[in-house]
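Open the structure in your viewer and keep the selection panel at hand. This tour goes stop by stop.

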Amino acid sequence: MTGKRISGIVFRMALFLGLLAGICLAAGCKASDSLPAQPSQEDLIVVGFSQVGAESDWRNANTISMQEALSPQNGYRLILEDAQQKQEKQITSIRNFINQGVDYIVLAPTTETGWDTVLTEARNAQIPVIIVDRMIETEDTSLFTCWVGSDFLKEGTTAVQWMEENLREEPLKIVHLQGNLGSSAQLGRTRGLEQGLQKHTDWEVVFRAPGDFTQAKGQELMETVLEEGLEFNVIYSENDNMTYGAIEALQSAGIEPGKDVTIISFDASSTALHMLLEGKITYDVECNPLHGPRVQAIIEELEAQKPFSKYTYVEETSFDRSNTTEQLIESRGY
Ligand code: AHR
């Protein structure tokens, strides 16, 4: 392009912008009119969120969902604290939120017990507490405003029902990888399996240990199972990340996951559902992490002093190869 042509384009652009400015001036509009209105810092609702950690794909999807919903564009300032799966850290975070005078506290509790003291402090400071994902155990339900999360026992019984219907041919020798002990996700899914074991005398747990919901620990536990030479035909793994680790260990030992051993998993995150399509995971029970918009809706109801539900269980489903497709995985968003 020649210098003459460029200067011609520049001249026409300047003319166009000048005209636009003229029209705007005549109509009395400001430059900011075309931009979406941003609430000022003081108008933002401040939410302190004590997150369990970053142990799993599920957890990461959950954090993103909260950050997207409780964003400045939506009128929020989110203070996110990662507790690295430690309850002490969560208690410290909640005390910090109280000292900062946040408008709301959102707690995704590591374990069910041990919250009464700090939640009494939050109540004394008149800060509403919304519990998400897992539940807490307390005699005094006025310590929290409301709860939204999963029915983990139902997830466990869903898995057991699938095992009852689909694994009838031989006695089951089960490797049970548990989540972090005392969390609702572990307690419910373990209880579901326990109920199955009580009903079926030919079901046996040959190995059981907590893998803290992490891939590294899942792999380590599976390596132990293999080193000990235990016989098994089912792995009941209480989340997808432990499943990924177990699959690594099996493959290194020349065992074909999904073929030589049935693998039951929980969460149904997109990586796991791809593994299901490849035949490595046999059955995956969904645990829905998209709590951000739900918490946002609760806060909006509270702000508008509208009635709200104290307890909300999210809808969840489950997957095997009969109902899983690429399109479905793409459409789920986690
Ligand atoms: O509480 C939900 C559980 O916690 C998910 O199953 C697991 O992946 C996460 O770490």
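Predicted model: local features only at pLDDT ≥ 70, side-chain atom pairs only at ≥ 80, totals over all residues.

**Stop 1: the ligand.** Select the ligand and show the cavities. The ligand sits in the largest cavity.

**Stop 2: the shell.** Now select Glu55, Ser56, Trp58, Arg59, Asp133, Arg134, Phe152, Ala185, Arg189, Phe213, Asn239 and Asp267, the residues around the ligand. By class, the shell divides into 4 nonpolar, 2 polar and 6 charged residues. Colour helix H2 (57-69) and helix H6 (184-199): each supplies at least two residues of the shell.

Stop 3: Which distances separate oxygen atoms of the ligand from side-chain N or O atoms of Arg59, Arg134 and Arg189? For Arg134 the value is 2.8 Å. For Arg189 it is 2.9 Å. For Arg59 it is 3.1 Å. Taken alone, the ligand exposes 280 Å², and the protein buries 100% of that.

**Stop 4: Phe213.** Stay with this member of the shell. Phe213 is in the loop between strand S7 (203-210) and helix H7 (215-227). Check its backbone: phi is near 65°, a positive value in a residue that is not glycine. Most residues other than glycine have a negative phi. Is Phe213 buried or exposed? Its relative accessible area is 3%, under the 20% cut-off, so Phe213 counts as buried.

**Stop 5: Gln84.** Move to the loop between strand S2 (76-82) and helix H3 (87-100), where Gln84 lies. Gln84 also has a positive phi, about 45°, although it is not a glycine. Gln84 is partly exposed, with a relative accessible area of 47%.

How values were computed. Residues numbered from 1 in each chain as written. Heavy atoms only, no water. Helix = DSSP H or I, 4+ residues; strand = E, 2+ residues; numbered from the N terminus. Buried < 20%, exposed > 50% of the residue type's maximum accessible area, 1.4 Å probe, protein only. Near = heavy atom within 4 Å. Polar contact = N/O pair within 3.5 Å; in protein donor to acceptor, adjacent residues only side chain to side chain. Areas by Shrake-Rupley, 256 points an atom, 1.4 Å probe, with all protein chains shown as cover. 1 Å grid on protein atoms, 1.4 Å probe; cavity = no way out; pocket = protein on both sides within 12 Å on 5 of 7 lines; lining within 4 Å. Sits in = over half its atoms within 2 Å of the grid points. Nonpolar A, V, L, I, M, F, W, Y, C, P; charged D, E, K, R; others polar.
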